[in-house]
Amino acid sequence: QVRLVESGGGLVPAGGSLRLSCAASGTFFKIDVMNWYRQAPGKQRELVATITRTSGTNYADSVKGRFAISMNNAKNTVYLQMNSLKPEDTGVYSCNAHVLDTRMTPAGDYWGQGTQVTVSS
């Protein structure tokens, strides 16, 4: 089993910054892909950012140039630096990890509990 714990959410005024963290622990060898999703009230869940174990990254158009995803492989922790926040960035942010076992084969897909980000106008 793998446990993901998010932290770093909160209330911030528009234009402010937050850094979210997602720490993975449990039985796995490597994180293959880590995604950050968000869901605003009444809206569908949206993929915000992705990072692979080879440090490839991808972002939703709505956050390009403002958000940056990074990974500390030694700590099995992924970060989402969010700058120039807008009220429309408000939502519950959840991390999602695809992990590998020691044979470098897929070993599961796991979710964190989510952290609330609220951006006031």
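Buried means under 20% relative accessible area, exposed means over 50%, and partly exposed is what lies in between (1.4 Å probe, protein chains only). This is a predicted model, where local features need pLDDT of at least 70, side-chain atom pairs count only at pLDDT 80 or more, and totals for chains, interfaces and linings use all residues. Residues are numbered from 1 along each chain as its sequence is written, and side-chain values use heavy atoms, with hydrogens and water left out.

**View 1**
Helices (H or I, at least four residues) and strands (E, at least two) are DSSP runs, numbered from the N terminus. Of the 121 residues, 44% are buried. Take the contacts (heavy atoms within 4.5 Å) with a separation of 6 or more: 55% of them come from residues 24 or more positions apart.

**View 1. Here is the largest nonpolar core, with 31 residues.**
A nonpolar core is a set of buried Ala, Val, Leu, Ile, Met, Phe, Trp, Tyr and Cys residues joined through side-chain atoms within 4.5 Å. Leu4, Met34, Trp36, Leu80, Met82 and Tyr93 touch the most other members. Elements giving two or more residues to this core include strand E1 (2-7), strand E3 (18-26) and strand E8 (77-82). In soluble globular proteins, nonpolar side chains tend to be buried together.

**View 2. Val117 sits in strand E11.**
With a relative accessible area of 0%, Val117 is buried. Leaving out residues up to four places away in sequence, its partners include Leu18, Leu20, Met82 and Tyr93. Now look for Thr105: its C-alpha atom is 34 Å from that of Val117, although the two are twelve residues apart along the chain.

**View 3. Tyr37 and Trp111 make a tilted ring pair.**
Rings of Phe, Tyr and Trp (its six-membered ring) pair if their centres lie within 6.5 Å; planes under 30 degrees apart count as stacked, over 60 as edge-to-face and the rest as tilted. The count by this rule is one aromatic pair. In it, the centres are 5.0 Å apart and the planes are at 45°, so the pair is tilted. Tyr37 belongs to strand E4 (residues 30-39) and Trp111 to strand E10 (residues 106-111), 74 residues apart. Tyr37 is buried at 18% relative accessibility, while Trp111 is partly exposed at 36%.

**View 4. Asn96 is in strand E9 (residues 91-100).**
Asn96 is buried, at 2% relative accessibility. Its side chain reaches the backbone oxygen of Tyr110 at 3.1 Å. Beyond its neighbours within four places in sequence, Asn96 contacts residues including Leu4, Met34, Tyr37 and Trp111.

**View 5. Asn76 and Met104 are two loop residues to look for.**
Most residues other than glycine have a negative phi, and most peptide bonds are trans. Asn76, in the loop between E7 and E8, has a positive phi of about 50°. In the loop between E9 and E10, Met104 has a positive phi near 60°. Asn76 is partly exposed at 24% relative accessibility, and Met104 is partly exposed at 34%.

Terms used
A polar contact is a pair of N or O atoms within 3.5 Å; within protein, one must be able to donate a hydrogen and the other to accept it, and residues adjacent in sequence count only if both atoms are side-chain atoms.
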